[in-house]
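Colleague: I am new to reading models like this one. Could you walk me through a few features, one at a time?

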Amino acid sequence: MKRTVITVVGKDSVGIIAKVCTYLANNRINILDISQTIVQGFFNMMMIVDASEAPKDFDEISEELEQIGSEIGVIIKAQHEDIFDKMHRI
Amino acid sequence: MINIHEVIETNKMIEQENLDVRTITLGISLLDCAGPNLSEVNRKIYEKITTTAKNLVSVGNKIQREFGIPIVNKRISVTPIALVGAAACKTTEDFVTIAKTLDQAAKQVGVNFIGGYSALVSKAMTTADQLLIRSIPMALSQTERVCSSINVGSTKTGIDMNAVKLLGEIILETAEQTKQKDSIGCAKLVIFCNAPDDNPFMAGAFHGITEGDAVINVGVSGPGVVKKALENVRGADFETLCETIKKTAFKITRVGQLVAQEASKHLNIPFGIVDLSLAPTPAVGDSVAEILEEIGLEYAGAPGTTAALALLNDQVKKGGVMASSYVGGLSGAFIPVSEDQGMINAVEAGALTLEKLEAMTCVCSVGLDMIAIPGNTKATTISGIIADEMAIGMINQKTTAVRIIPVIGKNVGDRVEFGGLLGYAPVMPVNKFSCDNFINRGGRIPAPIHSFKN
């Protein structure tokens, strides 16, 4: 199973991480790495996750995360890790 | 493990700097569809394309979703139709039936362009080649998605001036037959010297005869990413400038390589090449001319433009070559006028002329691209422009091309709207002096000498 990078970008508020992590836990997605930073006043979070035990497929997870994002006013994207790995590692 | 800053950098390129994969192009050999019976040939072509490319669009969309990178176009290139139809086609109308079949097949599988309504006549034309070329105005005016290209010269063979003469007339005729739509037929017709067999970019894509049954070629883009990267090194010396372009080109190309490999895996079709071209679109911030401005020119076309473009093109290749296992196609910077807002601005400001564009084509990929000229331009003048461009390619052992649009009913200063990725263009003036006697000679220009390079 390919590892997936989940990014959350938007205005900082209470409970963003909690909301995303709850979803991941409910779908048996394991968080391998998590970090956050503020860029130009925006909250940026990145998680590297392993979704190999998840009962849902990539598209479904991706859409549901996007949905959660729009509910709490942030943009959530899921992408396979390869695109970052290829671009930044030789 | 990947860190957050790398993730942010990649996503910024995609979301704010127009990084995308411009095209996944599936090359399909139609050589096994050839035969003496025209309806049988058409049936086989339709079947082969719709079977081989059945999943092309869905796989492209899947890759787009999984990696979060836009894949703007999914396209098909086929074996030059002059070869495929040679045994079956006895008239220009016969060839047009194949164009219509290609159009239908493209619609069926959901691709926006299909390339390969082509002939390779770098030395001379066969009867079939001539018929195909003469059928181009009809074919391009009666189809929507078919693209045509003709290779009229090469470094090894010289230039077929008979074909160059004929194509001047054909371009005008195509313009005439599509005059209701600003002569858009000519935007789908490219005249090449040293045409590559594996170019994924339209309108010049065809599946060369050196290729296998089917192949995946990918064209990346990313002028906006290069422009943004250069904003951070304003005023720095050429070493810094070149290093920045090289590193950025590497990153862009890696994405193309990844997408090509994924597409190849999902479609079970071999990966051919990644084309390293910086391909602009009319969107602001997706322009090669803006890179030239960022390098230090007031407008593209100002003195220094050829040097700036030469270094840009070279650094893009140097960065890209290491990022991909196979590089091919046109690979370089494209300088179309109508598809690049910065180029349009340069023409409108009076900074960029046809002659300067010709000089620029000596150092970058391809050539005179998407240039609108007055509709009353003579056929021989168009042939003269083509001959000049072909000579640059022939002598310098590089690919050059002409995609020029004489817009019927329009004059210098008018504006032409092609729509979508083709953009809009100001009609540019053409040198008024005649080359009739040169073009009317007939025959071919011999292959150049390969030594004494001065």
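Modeller: Gladly! Let us start with contacts: two residues are in contact if their C-beta atoms, placed from the backbone, lie within 7 Å. Before we use that, note that this is a predicted model, where local features need pLDDT of at least 70, side-chain atom pairs count only at pLDDT 80 or more, and totals for chains, interfaces and linings use all residues. Residues are numbered from 1 along each chain as its sequence is written, while chains are lettered from A and ligands numbered from 1 in the order in which they are written.

Colleague: How many residues does the contact take from chain B and from chain A?

Modeller: Chain B gives 18 residues and chain A gives 23 residues. Helices (H or I, at least four residues) and strands (E, at least two) are DSSP runs, numbered from the N terminus. On the side of chain B that touches chain A, α1 (4–16), α3 (56–67) and α9 (238–267) of chain B each supply at least two residues. The most comes from α1(B), with 6 residues.

Colleague: What does "buried" mean, and which case could I look at?

Modeller: A residue is buried if 20 or more other C-beta atoms lie within 10 Å of its own, exposed if 12 or fewer, and partly exposed in between; C-beta atoms are placed from the backbone. Take B:A139, found in helix α6 (residues 127–142) of chain B. B:A139 counts as buried because it has 29 C-beta neighbours inside 10 Å. Leaving aside neighbours within four places in sequence, its contacts include B:F95, B:Y117 and B:V146.

Colleague: How should I read a strand?

Modeller: In a regular strand the side chains alternate between the two faces of the sheet. Now look at strand β10 (residues 400–407) of chain B: 8 of its 8 residues are buried, so it is largely enclosed by the rest of the structure. B:T400, B:V402, B:I404 and B:P406 point one way from β10(B), and B:A401, B:R403, B:I405 and B:V407 point the other way.

Colleague: Which strands are joined to β10(B) by bridges, and which way do they run?

Modeller: Two strands pair if DSSP finds at least two bridges between them. Strand β6 (residues 189–193) of chain B is joined to β10(B) by 3 bridges, and they run antiparallel. There, B:I191 has B:V402 as its bridge partner. Strand β9 (residues 368–374) of chain B is joined to β10(B) by 6 bridges, and these run parallel. Here, the bridge partner of B:P374 is B:V407.
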